[in-house]
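The sequence and model are shown first.

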Amino acid sequence: MATKHYDVIVIGAGAGLPKLGSPASRLGLKVALLEKGRLGGTCLNRGCIPSKMLIHPADVALNIDEAHRFEVNPQGGYTVDFTALIDRVSKTIDEDSFSINPRIEANEMLDWYKEPAKFVDKKTLKVGDQIITGDKIFIAAGSRPTIPKIKGLDGIPYMTSTEALRHNQQPKKLIVIGAGYIACELAHFYASLGTEVFIFVRSTPLRHVDEEVRDEFLRVFKDRKNINLLLKCSPEEIKYEDKVYTATYVDYETKETKTLQSDALLVAVGVVPNTDLLEVEKSGIEIKEGNFIKVDDHLRTNVPGVWALGDIAGNYLFRHSANYEGEYLLETILYKGEDYPIDYTGMPWAVFTNPQIAGVGYNEEELKKKEIKYVKGVNPYSSSAMGMALRSDHGFVKILVERYTRKLLGCIIVGHEASTLIHEVIPLFRLHGTLDDILKMIHIHPALSELVRNAARKARDELMKVEEVPLSIRFK
Ligand SMILES: Cc1cc2nc3c(=O)[nH]c(=O)nc-3n(C[C@H](O)[C@H](O)[C@H](O)COP(=O)(O)OP(=O)(O)OC[C@H]3O[C@@H](n4cnc5c(N)ncnc54)[C@H](O)[C@@H]3O)c2cc1C
Ligand SMILES: NC(=O)c1ccc[n+]([C@@H]2O[C@H](COP(=O)([O-])OP(=O)(O)OC[C@H]3O[C@@H](n4cnc5c(N)ncnc54)[C@H](O)[C@@H]3O)[C@@H](O)[C@H]2O)c1
């Protein structure tokens, strides 16, 4: 069997294709794209996009539920056509994903290999019967849902997010195992549309946020209709008989053993990288804790000419971070621009629940651990003009500022449109901005963004209690 050689091999058509594969081919390089599944990867086919297309209708339903608070009374309530909703979203996703194929198949500089790829040696891969080698290899092979070792789970028809996003029969009662991004976002989706949801929270929900934010989120979320949080509870055994799931679980606080039944089960306890499927060990590429590929601050693996990005490198597990890493490699390796380390400053995140949570920079617990001296300003939604219009009874913007330098250290928002509102401060974090920058900005009145300014004013007031602040911001 002849070996085929390429200038560039890209493994994975999530961020790997638009950020590296296609641009490399446009540069006149001969590219092999190794993608065993659909073009677009996790985000388009079974992640960010379908989940947000489902979460929006959930938000619409919640708005109707709350309409009476604004003297608007939807006569006769509403119904949810769950099957039609899932079918519409699946169809839209399929059309979008398949619409990429003709462009890729017509690209003469790019060969798409559709079988699963495996490393057989350093910089050598086997795809089907073909052996291929490349001068430069970019590994963007992503991750997949991890399955916990729970007695009885193996062999029963549970859903991960992949199946849930396509399951067009609405469960009456759903058990969710896990309490991270996916568990909370999909619990919001199901519960708002009428499914009774029970979430097993083994330890701490949404571990990446600090306590104050988590408490505010949970205060609201636990009272949402159809949401039942089983805190400090974890299933020990799951049985499936006559289409009924029975979870036997231990309440860690009372030490009692209890059971819970449902007609659907969602497992959302994190992801594992696809390093094992790729047999990365045969290439000599080093892996780190959690089986992620070990990369340095240039996203280089230990094998020269091989880089890794996105979920499989495990620096961040977001599509926007995978895209950012792809753009960095395009700039530094393929365009041969300047050689500089990747700068993750200002990497934001958002949880698309209701209320939403979004953040950038450090949270309070991280600052305490690092012993960084800071002050905080917290402004509730209710204490702003737009908050009054929204009749907000929850949510806040929290700004964390370094003492003495007034450098912005962190911002976390819990509440309405948090994922958009956080963008007010992201540029400032990228540009290493200070509290003064927010205070000197002109904010549209009475837009929600005034909340950020109000939180900044509160941080300034806190700062004034402990140190001198310049006159230029004292009265802003
Ligand atoms: C339900 C859900 C919701 C999410 N929501 C968001 C969100 O709102 N915002 C956000 O930023 N992130 C979100 N994420 C995370 C986001 O989807 C991932 O971080 C992102 O898609 C990772 O991109 P990637 O390019 O690294 O990998 P992927 O997009 O997973 O691409 C990897 C590709 O490699 C292919 N592949 C793997 N192994 C092989 C092999 N051996 N041979 C050939 N091909 C192979 C796979 O088929 C896959 O297509 C969500 C994830 C899930 C599951
Ligand atoms: N809005 C977004 O950006 C978004 C949305 C969805 C997913 N994602 C990404 O996808 C990744 C995967 O999401 P996820 O929600 O599966 O992972 P996660 O890491 O966010 O949460 C996993 C949760 O499962 C719990 N858990 C782990 N093992 C358990 C066990 N055996 N029993 C019970 N609970 C257990 C953990 O304590 C944690 O709460 C995330 O890291 C995130 O970056 C992002």
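## Residues with positive phi

Leu-299 is located in the loop between strand S15 (271-273) and strand S16 (306-308). In this predicted model, the phi of Leu-299 is near 60°, a positive value in a residue other than glycine. Most residues other than glycine have a negative phi. Leu-299 counts as buried because 24 other C-beta atoms lie within 10 Å, and the threshold for that class is 20 or more.

Tyr-404 also has a positive phi, of about 75°, although it is not a glycine. The loop that holds Tyr-404 runs between S20 and S21. Tyr-404 has 10 C-beta neighbours inside 10 Å and therefore counts as exposed, the limit for that class being 12 or fewer.

## Hairpin of S11 and S12

Strand S11 (residues 233-241) pairs with strand S12 (residues 244-251) in the antiparallel sense, over 8 bridges. Within this pairing, Tyr-240 stands opposite Tyr-245 in S12. The hairpin has 2 residues between the strands, and Asp-242 takes a positive phi there, near 50°.

## The five-stranded sheet

An open sheet is formed by 5 strands in the order S17-S18-S21-S20-S19, with antiparallel pairing. Its edge strands are S17 and strand S19 (374-380), each of which pairs on one side only. From one strand to the next, the twist averages 10°.

Within the sheet, strand S20 (residues 396-402) and strand S21 (residues 408-415) form an antiparallel pair over 6 bridges. Ile-399 stands opposite Cys-411 in S21. Helix H8 (residues 211-221) packs on the sheet and touches strand S18 (356-361), S20 and S21; the direction of H8 makes about 10° with that of S21. Helix H15 (residues 450-466) also packs on the sheet, touching S19 and S20. The direction of H15 makes about 140° with that of S19.

Val-220 belongs to helix H8. With 17 C-beta neighbours inside 10 Å, Val-220 counts as partly exposed, because this class lies between the limits of 12 or fewer for exposed and 20 or more for buried. Leaving aside neighbours within four places in sequence, Val-220 is in contact with Pro-355 and His-394. Val-220 and Glu-256 are 36 residues apart in sequence, and their C-alpha atoms are 27 Å apart in space.

Pro-355, a contact of Val-220, lies in the loop between S17 and S18. The peptide bond from Asn-354 to Pro-355 is cis, with omega near 10°. A cis peptide bond also joins His-445 and Pro-446, where omega is about 0°. Pro-446 is found in the loop between helix H14 (435-440) and H15. Most peptide bonds are trans.

Ligand 1 has 36 residues around it, of which Gly-12, Gly-14, Gly-41, Gly-142 and Gly-310 come nearest. Helix H2 (41-46), helix H3 (48-66) and helix H9 (319-334) are the elements that give two or more residues to this shell. By class, the shell around ligand 1 holds 18 nonpolar, 13 polar and 5 charged residues.

## Surroundings of ligand 2

The shell around ligand 2 consists of 24 residues, and the closest are Pro-148, Gly-178, Gly-180, Ile-182 and Leu-317. The elements contributing two or more residues to this shell are helix H7 (181-192) and strand S17 (349-351).

The residues around ligand 2 divide into 16 nonpolar, 5 polar and 3 charged. Domain 2 (161-270) and domain 3 (348-474) each provide at least three residues of this shell.

Methods:
Residues numbered from 1 in each chain as written. Chains lettered and ligands numbered in written order. Predicted model: local features only at pLDDT ≥ 70, side-chain atom pairs only at ≥ 80, totals over all residues. Near = placed C-beta within 6 Å. Helix = DSSP H or I, 4+ residues; strand = E, 2+ residues; numbered from the N terminus. Nonpolar A, V, L, I, M, F, W, Y, C, P; charged D, E, K, R; others polar. Domains from an automatic or database assignment. Pairing = 2+ DSSP bridges. Axes fitted to C-alpha atoms, helices over the stretch in contact; angles between N-to-C directions. Contact = placed C-beta atoms within 7 Å.
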